[in-house]
Amino acid sequence: MADHVHYFFFGVYPYIALAVFLFGSLARFEREQYTWKSDSSQLLKRGALRWGSNLFHLGIISLFFTHLVGLLTPPAVYHALGLSTHAKQAMAVFVGAILGVVCLIGLLILIYRRISEPRLYATSRMSDWVTLVWILIVLSLGLLSIFTSAEHEDGALMVLLGEWAQRIVTFRSGAAEIMQGVPWVYQWHMVLGMTLFLIFPFTRLVHVWSGFASVSYLTRAWQLVRSR
């Protein structure tokens, strides 16, 4: 039974989460475009919003892309650049720790702000609390995994995690088997992290797509406005 559960979460669940993430976002955009927003609470209370929001977004966006690059870059690539496995892991731990703490501080500010302000608390939906708490748990597990990484300085564990991710995105078999024996903190961090993609279309997180889409404004023609 345990083997079947393990295979499901590390061999099947990633594809379920990604499918819901992509097609769920598309369906929400098609059916509920007016809910495609972050529901800013700035009008209710400014307070520590700037610090909390900036730190949180800086941290979580940077963590997403560093995870993406770190997991999907084959060892041969960074070896060719003169970076050893040990050095890559040390760099990943150092950068991840800094970004993780930055993100955590911002997230705690936003949570405290939402709890301490009666108007914000009253207008918060269940999906808002689920999202905040879920990100807090995933982030905490990620920071906790740093101590486990320190016990595996050779970087072999990091290579295993990268191999798993690369097998998933290239649809190769054996991904679940690679995760056998990986410390629990990594397994929980990954499963709960994938679940964020699963709940993504049903929360305010969908506004992330609008952030990516705004890049198109850089190539848009200038709008010339003349006075009458």
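Ala-165 is found in helix α7 (residues 156-169), where helices (H or I, at least four residues) and strands (E, at least two) are DSSP runs numbered from the N terminus. The structure is a predicted model, in which local features need pLDDT of at least 70 and side-chain atom pairs count only at pLDDT 80 or more, while totals for chains, interfaces and linings use all residues. Residues are numbered from 1 along each chain as its sequence is written, and side-chain values use heavy atoms, with hydrogens and water left out.

With a relative accessible area of 7%, Ala-165 is buried; buried means under 20% relative accessible area, exposed over 50% and partly exposed in between (1.4 Å probe, protein chains only). Leaving aside neighbours within four places in sequence, Ala-165 is in contact with Leu-71 and Leu-72, a contact being heavy atoms within 4.5 Å. Although Leu-72 lies 93 residues from Ala-165 along the chain, the C-alpha atoms of the two are separated by 6.5 Å.

Leu-72 leads on to helix α2 (residues 49-72), whose 24 residues reach 34 Å from first C-alpha to last, close to the 34 Å expected at 1.5 Å a residue. The expected span of a helix is 1.5 Å times one less than its number of residues. Buried residues in α2 are Leu-49, Gly-52, Ser-53, Phe-56, Gly-59 and Leu-63. An α-helix has 3.6 residues a turn, so residues three or four places apart point the same way. The cover over the buried residues of α2 includes α4 (85-116) and α6 (126-150).

Helix α4 has 32 residues and spans 45 Å between its first and last C-alpha, close to the 46 Å expected at 1.5 Å a residue. Its buried residues include Leu-99, Gly-100, Cys-103, Gly-106, Leu-107, Leu-110 and Ile-111, and also Lys-88, Arg-113 and Arg-114. These buried positions of α4 are covered by elements including α2, α3 (75-80), α5 (118-123), α6 and α7.

For the chain as a whole, there are 10 helices and zero strands. Of its 228 residues, 36% count as buried. Among contacts with a separation of 6 or more, 80% come from residues 24 or more positions apart.

Attention now turns to a pocket. On a 1 Å grid over the protein atoms alone, a pocket is an open set of points where a 1.4 Å probe fits, with protein on both sides within 12 Å along at least five of seven lines, and lining residues have an atom within 4 Å of a point. The second largest pocket is lined by Val-5, His-6, Phe-9, Phe-10, Trp-184, Gln-187, Trp-188 and Val-191. The elements that give two or more residues to this lining are α1 (2-31) and α9 (184-199). His-6, placed in helix α1, counts as buried at 11% relative accessibility. Beyond neighbours within four places in sequence, His-6 is in contact with Gly-11, Ala-176, Met-179, Gln-180 and Gln-187.

Confidence is expressed as pLDDT, the predictor's confidence in each residue, from 0 to 100. The chain has a mean pLDDT of 86, and 85% of its residues reach 70 or more. Among the elements, α9 has the highest mean (96) and helix α10 (residues 207-213) the lowest (69). Over residues 214-218 the pLDDT is below 50, and this stretch has zero contacts in the model beyond near neighbours in sequence.
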